[in-house]
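I set down each look-up in turn.

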Amino acid sequence: MISFTWLSAFRPGDKTIDNGLTEQWIEINGYIKITPENIIKILNPNPEFGQNVMTSLPMIIAEELDADWQKVVVEMGPHDSVKLGPQFAGGSNSVRMYWKPLREAGAAARQMLMEAAAQAWTVPIEEVTTKDGKLYHEKTGKSGTYGSFASKAASIPVPKGVKLKDVKNFNVVRNSKKNVEGLKIVSGKPLFGLDYKHEGMLIAMIEHPPGFGMKLKSFDASETLKMPGIKDVFVQKLYEEGFEQGGFDTRTFNDLLVVVGNTTWQVMTARKKLKLAWEPAGETKNTMSGRDGKREVIVPGELESTDAQLKKMQEYAKKPAQQLRKDGDPETAFKNAAQVIERTYNAPFLAHNCMEPMNFFAHVTDEKAMLVGPLQAPGWTKPTLSKLLNMPADKIEIQMTRMGGGFGLRAYGHYLFEAALISKKVKAPVKLVYTREDDMTYGIYRPMYTATYRAALDANKNLIAFHVKGGGIPEHAIHANRFPAGAVDNYLAEGWQIPSNITIGAFRAPGSNFNAAAEQSFLDELAEAMGKDPIDFRLELLQRAKENPIGKNNDYNVDRYAGVLKLVKEKSGWNKPENKKYSRGVAAYFCHNSYAAHVVDMIMKDGQPYVERVFSVIDCGIVINPDAAANMVEGAVVDGIGNAFYGGLTHKDGVVEQNNFNRYRMIRMYEAPKKIDVHFVQNDIDPTGLGEPPFPPVFAAVANALYKTVGKRVYAQPFMSQLTALRGF
Amino acid sequence: MITLNVNKKIYNVDVDPDTPLLWVIRDTLGLVGTKYGCGVAQCGACVVHMNGEAVFSCVTKVSTAAGQKVVTIEGLSEKNDHPLQKAWLELDVPQCGYCQAGQIMSAAILLKENKAPTDEDIDAAMSGNLCRCGTYLRIRKAIHLAAEIQRKGGKSQ
Amino acid sequence: MKTYTKRNLLPKKSITVFAIIIMVIAFMSFGLKNKSTIITARVENIGKDSIESVAAFMEVYKVLLSPRCMNCHPSGDVPLQGDDSQLHNSLPKRGKDGKGIYAMKCSNCHQSTNLEGLHKPPGHPNWHLPPANMKMVFQGRTPSQLAKQLVNPKTNGNKSLQQLIKHADDGLVKAGWNPGEGRTVPPLSHEAFKKAWITWIEKGAYAPKSK
C-alpha cells in the first residue's frame with residue numbers, strides 16, 4: 001500500500017481544500033504527502049456518503065503520524081486498490097477494515113521522518129521524538145518540521161512492524177473533529193456527482209419501462225428528436241445474452257431507451273414526447289457467476305401486485321421451509337407447552353431514496369475511460385466495466401465524488417455501466433441522470449419480508465422453545481445464529497423465499513433491518529405475557545446464554561449485548577417516576593459487529609403518536625470521532641422512525657405506486673424527536689462499525705412504544721397503515 | 001434572452017423561458033450549490049431566495065425570475081459567514097450534506113422574519129426540507145445558535 | 001305573505017283582525033329570521049322561494065365540500081391536499097394573512113399557473129388560505145352551518161350580497177375547475193355551480209334546516 005511513484009490525486013469538480021497552497025507535495029506513502037512548508041495532506045481512501053470517513057480515516061493516520069490536525073488537509077483518494085486498499089463503503093466496514101492499515105501507514109511514515117532526522121542530525125533514532133508535525137532531539141535542542149525532512153524521508157525504505165500508539169494516549173482519534181468538508185457543504189461548492197462538469201458534456205436519461213416485468217415493445221422518437229438540444233435517441237443493451245453477473249451487477253432493465261441532449265431540462269422535457277409501447281417481458285434469465293462456476297437464475301415474468309404478493313406469502317408461510325438452525329427438540333416442546341404465543345410480522349419493499357438521485361459521468365474513448373460520480377465500491381465495478389467496454393481495467397479510471405447518500409443502493413454499478421456504454425455510443429462525455437421518479441421506480445429495493453415467531457411457555461411461564469419462520473420476496477431476513485439463539489433450549493429457525501422480477505439489494509443493515517423489528521417486538525410481547533420487564537427479560541436470556549449456552553455459532557457477545565441494555569436502562573431512567581408520562585419502548589440488536597440499544601419515549605402530540613425522546617447506547621469499540629459518531633446515531637434513529645412509520649412501496653401489475661416524495665412519505669422536521677441522547681460504551685476494543693448497527697432496533701423500539709401509546713400492537717410496516725392517527729399527512 | 005440577477009451579478013441567458021430556475025442556476029450559470037432532489041417542490045433541496053422570499057426553484061420558471069433579485073447559497077454571505085453557516089459548522093450539522101444548502105436557505109428566511117424562533121416556529125418553517133440522513137435535531141439546534149449569533153451582532157442579510 | 005286592504009273605519013272586529021294579522025306577520029318575520037338567514041341587502045319579496053333556494057344550496061354544498069374547494073377551507077391551520085383531502089404534505093401553516101409563513105409561504109411553491117406534469121403544485125397568482133381572523137371554514141360544516149356562514153358578512157369575508165354573487169367568478173374559485181394533472185374537478189361544472197349559487201342567493205339565500 002505504500003509506493004513512491006504515484007502522482008497527485010484527482011480533483012472531482014472544483015478546487016480542493018488546498019487551493020492556494022503550494023503544489024510541491026512530497027509523497028511519503030500512498031496516503032500521506034507533505035510540503036516543505038509542513039502542510040500535510042492525507043488522502044481518504046474510502047468513498048464518503050455521510051458516514052464522515054473523509055474525516056475519521058485521515059484522523060487515524062494523523063494520530064499515528066503525530067501530525068498537527070489543524071495543519072492537515074484532506075483530499076479524496078483516487079481509485080487505486082494497490083495503494084489505497086479495498087475502497088468499499090458498506091457493511092459498516094470503513095473504519096473497521098482500515099483501522100490497522102491506516103495506523104500502520106501513519107506510524108511507518110512517522111518512523112521514516114524520524115529516520116530522516118536522525119540521519120541528518122547524526123543521532124540515534126531512539127533519541128528523536130515527534131509532536132504535532134515536528135521532530136525534536138532533546139539532547140542537542142535540534143528540531144525541524146516534517147516538511148523540512150519530507151524529501152529525505154521519501155527515499156527511506158518503508159519499515160515494517162512499527163510499534164503503534166497506546167490507544168489510551170490518542171490526541172486526535174477519540175476526540176471530536178469537525179467535518180473536513182463542512183465549509184464546502186455550507187457554501188455550496190461542487191461536491192457531488194450531480195455537480196460534476198466536463199467540457200462538452202452531454203446529458204443522458206433512460207426511459208425505463210413503467211413497471212417490473214415489462215420491456216420496450218416499440219417507440220417513436222420523432223417528436224423528441226425535434227426538441228431543442230436533443231442529440232440522439234436510441235436503444236442500448238446493457239448486458240449481452242449470457243453475460244455473467246457478479247453479486248453487485250444487479251440491474252432491473254436490460255434494454256435501455258436512451259435520450260441524449262445538451263441540458264438536463266431539455267432532456268427531461270424531450271423525454272415526455274416519446275411515444276412508447278411496452279409489453280410483458282415474460283420469464284427471463286440471469287447468468288450469475290460464482291465460485292463454483294456460473295449458474296442460471298430464472299426471473300419470473302408475472303406483473304406483480306402487492307395484494308397478490310401478500311396472499312402468496314401467507315401460502316408459502318404454511319409450506320415446509322429450509323431449516324437454518326435447530327437446537328434441542330422444539331416440536332415436542334411446543335406440543336407440551338402450557339401456552340404458545342404466535343405472531344406474524346410484515347414489512348414492505350423500501351426505496352433507498354438517497355437525496356441525490358442516481359447519476360454518473362462517463363467519458364469513453366477507444367483508448368481509455370474516465371468515470372466520475374457517486375458510488376460505494378469502485379473495485380466491484382471495474383471487472384464488469386472492463387468486459388462491457390472491452391478495455392483493460394488499468395485504462396479505466398474511476399473518480400469517487402462525495403455521495404448524497406448511499407444506504408447500499410450505490411454499491412450496485414448498473415448506472416456506471418449504463419453511463420459508460422452511452423458515452424461510448426455517442427462518442428462524447430456524458431452524464432447519465434436519473435430523475436427522482438426514475439430513481440424511486442428503478443428497483444434494487446429492500447426486500448418485502450414476513451416472519452412468524454412462536455414461543456412455548458411451560459406452566460411456570462418459562463420460555464422452553466422459540467421458533468422463527470421467516471420468508472420474503474425474493475429472500476428472507478432471518479439471521480439464525482443471532483440472539484435469542486443460544487439462550488433457549490429448543491430453538492428452530494427456518495427460511496423461505498419467493499422469486500420475483502422486482503430487483504432488490506442491500507439496504508442499511510440488510511436482513512437485520514427487518515429481523516430486529518420483528519424479533520424485538522416479539523420479545524416485548526413475550527415479556528409481557530410472562531409478566532416480566534422487557535429489559536430484565538432480555539438480560540435474563542443473555543445471562544442464560546452466558547452461563548449455559550445452547551448450540552454453536554452463537555453470533556453475539558453476551559457481555560457486550562447485556563452491556564448496552566444495562567446502560568440504556570440506566571441512561572434512560574427506565575423505571576424513574578418522572579418518566580412515567582412517556583410511553584416507553586425498548587429494543588436492542590447486534591449486527592455488523594456492533595451492539596445497539598434504544599429506549600424510545602413516545603407521547604401523543606396533536607392527535608398523532610410522536611417520538612419525543614430517544615436514549616441510544618452503542619458499543620462499537622473505540623469511537624474515532626465522538627461528535628460525528630453521535631450525529632450518525634441520531635440520523636439512524638430518525639431514519640428508523642421515518643421508515644417504521646411511513647416507508648414502503650406498493651405495486652400494481654408491476655408498476656410501483658409511489659414515484660416521488662408526495663406519495664412516498666418521508667419523516668420531516670416536525671416529526672423528529674426533541675432529544676436523542678447518545679452514549680457510547682467506553683472500551684478499548686478495536687472499532688467495529690457504526691453506520692448500520694443503530695438502525696435495526698429503532699423499528700421495534702418504536703413499535704413497543706406505540707403499544708403503550710395507543711394500546712395496540714402493530715405487526716405490519718409501515719405503521720401508518722395500521723393506525724389512522726399516523727396517516728393524516 | 002432572459003436577464004437574471006443572481007448573487008448580485010447580471011447574467012443574460014438564452015434558455016426556454018419555461019425552464020425551471022433550478023436548472024438555469026445549475027446547468028447554465030454553473031452554480032451547483034442549489035440541488036435537485038425531487039423536481040416537484042417536495043424536498044426543499046432547491047430552495048433559493050427571490051426578492052427576499054424562499055422559492056422552490058425546481059417549480060419556479062426562469063421567466064418568473066427575470067429581473068428579480070435571486071440569491072443562492074453561494075451568495076448568502078460574502079465570506080461564508082452568515083450566522084447560519086457559522087452555526088452549521090460550529091455544530092457539525094451535515095452528514096452527506098446534499099440537503100444542507102436548501103436547509104440553510106429556508107432557515108435564512110425564518111431568521112430574517114423571526115429573530116428568536118421557537119422549536120415550533122422552526123418546525124413550521126423547515127418541514128419543507130427533507131434530510132434523508134436525519135440531521136433534523138442538529139439543524140434545529142443550529143438555527144437556535146444562529147439566532148443567538150445574529151442577536152449578538154453577527155452578519156446576516 | 002298575506003295581503004290586506006285598508007278599511008275606512010276600523011271597527012273593533014277589524015282592529016282585532018288587524019292586530020292578529022300584524023302579530024302573525026311579526027311572528028313570521030321572527031320565524032324567518034331564525035330558520036332563514038339575515039340578508040343585509042334588500043331582496044325582492046317577489047321570487048323568494050325557500051324550497052328552491054335550499055335545493056340549489058344542496059348543489060352548492062356538494063361543490064364547496066369537494067376537495068378542490070374544501071382543501072383551502074380547512075378547519076385547522078394547515079391546508080388539505082389531494083382528492084382524499086389529507087393534511088397538506090410538509091404541513092404549511094396558514095399564518096396571519098393566510099399566505100403561509102417563513103420559507104413555506106404558499107407562493108414559494110405555488111406558481112401563478114399550473115405546471116405540466118404529475119405531482120407538481122397547482123398554480124394561481126393569488127394562492128392563499130383565508131386569513132386567520134376570517135377562516136371561512138368549509139371542512140366539517142353541515143349544510144345549515146355553511147349556508148349561514150356564507151351569507152353573514154362577519155363570517156364571509158365582509159361580502160355584501162352582490163359581492164357574494166360575484167364571488168362565483170373569482171379567479172381562485174374558478175381555479176378549482178382547472179386543477180392540474182391528477183386532480184378531479186368539482187362534481188358540478190362551473191357553469192352549473194354558478195347557476196346554483198346564484199339561484200340559492202336570489203331565491204332568498206335560505207339555509208337548509210339543521211338536523
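Predicted model: local features only at pLDDT ≥ 70, side-chain atom pairs only at ≥ 80, totals over all residues.

Residues are numbered from 1 along each chain as its sequence is written, chains are lettered from A and ligands numbered from 1 in the order in which they are written, and side-chain values use heavy atoms, with hydrogens and water left out.

**Entry 1: chain A and chain B**

I looked up the contacts (heavy atoms within 4.5 Å) and found 60 residues of chain A against 51 residues of chain B. The two chains bury about 4,700 Å² between them, 58% of it on carbon and sulfur atoms; buried area is the accessible area (1.4 Å probe) lost on putting two parts together, summed over both. A:Val186, A:Met355 and A:Met669 supply 18% of the area that chain A buries here, more than any other three residues.

I then searched for salt bridges (a side-chain nitrogen of Lys or Arg within 4 Å of a carboxyl oxygen of Asp or Glu), and the rule finds 5 across this interface. One of them joins B:Arg132 to A:Asp639, with the closest N and O atoms 2.9 Å apart. On the side of chain A that touches chain B, α16(A) gives the largest share, 9 residues.

**Entry 2: chain C and chain B**

Here 17 residues of chain C are in contact with 22 residues of chain B. The buried area is about 1,600 Å², with 56% on carbon and sulfur atoms. In chain C, the residues C:Tyr102, C:Ala103 and C:Asn108 lose the most area to chain B, together 37% of what that side buries.

I count 2 salt bridges between these chains. One of them is between the side chains of C:Lys105 and B:Glu113, at 2.5 Å from N to O. Is C:Lys105 buried or exposed? C:Lys105 has a relative accessible area of 14% and is therefore buried (under 20%; exposed is over 50%, partly exposed in between, with a 1.4 Å probe and protein chains only). B:Glu113, at 39%, counts as partly exposed.

**Entry 3: within the chains**

Over all chains, the search finds 54 salt bridges. A:Glu27 and A:Lys83 form a salt bridge at 3.3 Å, N to O. The two residues are 56 apart, A:Glu27 in strand β1 and A:Lys83 in helix α2 of chain A; both are buried. I also record a network of salt bridges linking A:Arg343, A:Asp524, A:Glu525, A:Glu528 and A:Arg713.

**Entry 4: A:Glu207**

I located A:Glu207 in strand β8 (residues 202-207) of chain A; strands are DSSP runs (E, at least two residues) and helices likewise (H or I, at least four), numbered from the N terminus. At 16% relative accessibility, A:Glu207 counts as buried. A polar contact of 2.7 Å joins its side chain to that of A:Arg271. The C-alpha atoms of A:Glu207 and A:Arg271 are separated by 7.3 Å, and the residues are 64 apart along the chain.

Definitions and conventions
Polar contact = N/O pair within 3.5 Å; in protein donor to acceptor, adjacent residues only side chain to side chain.
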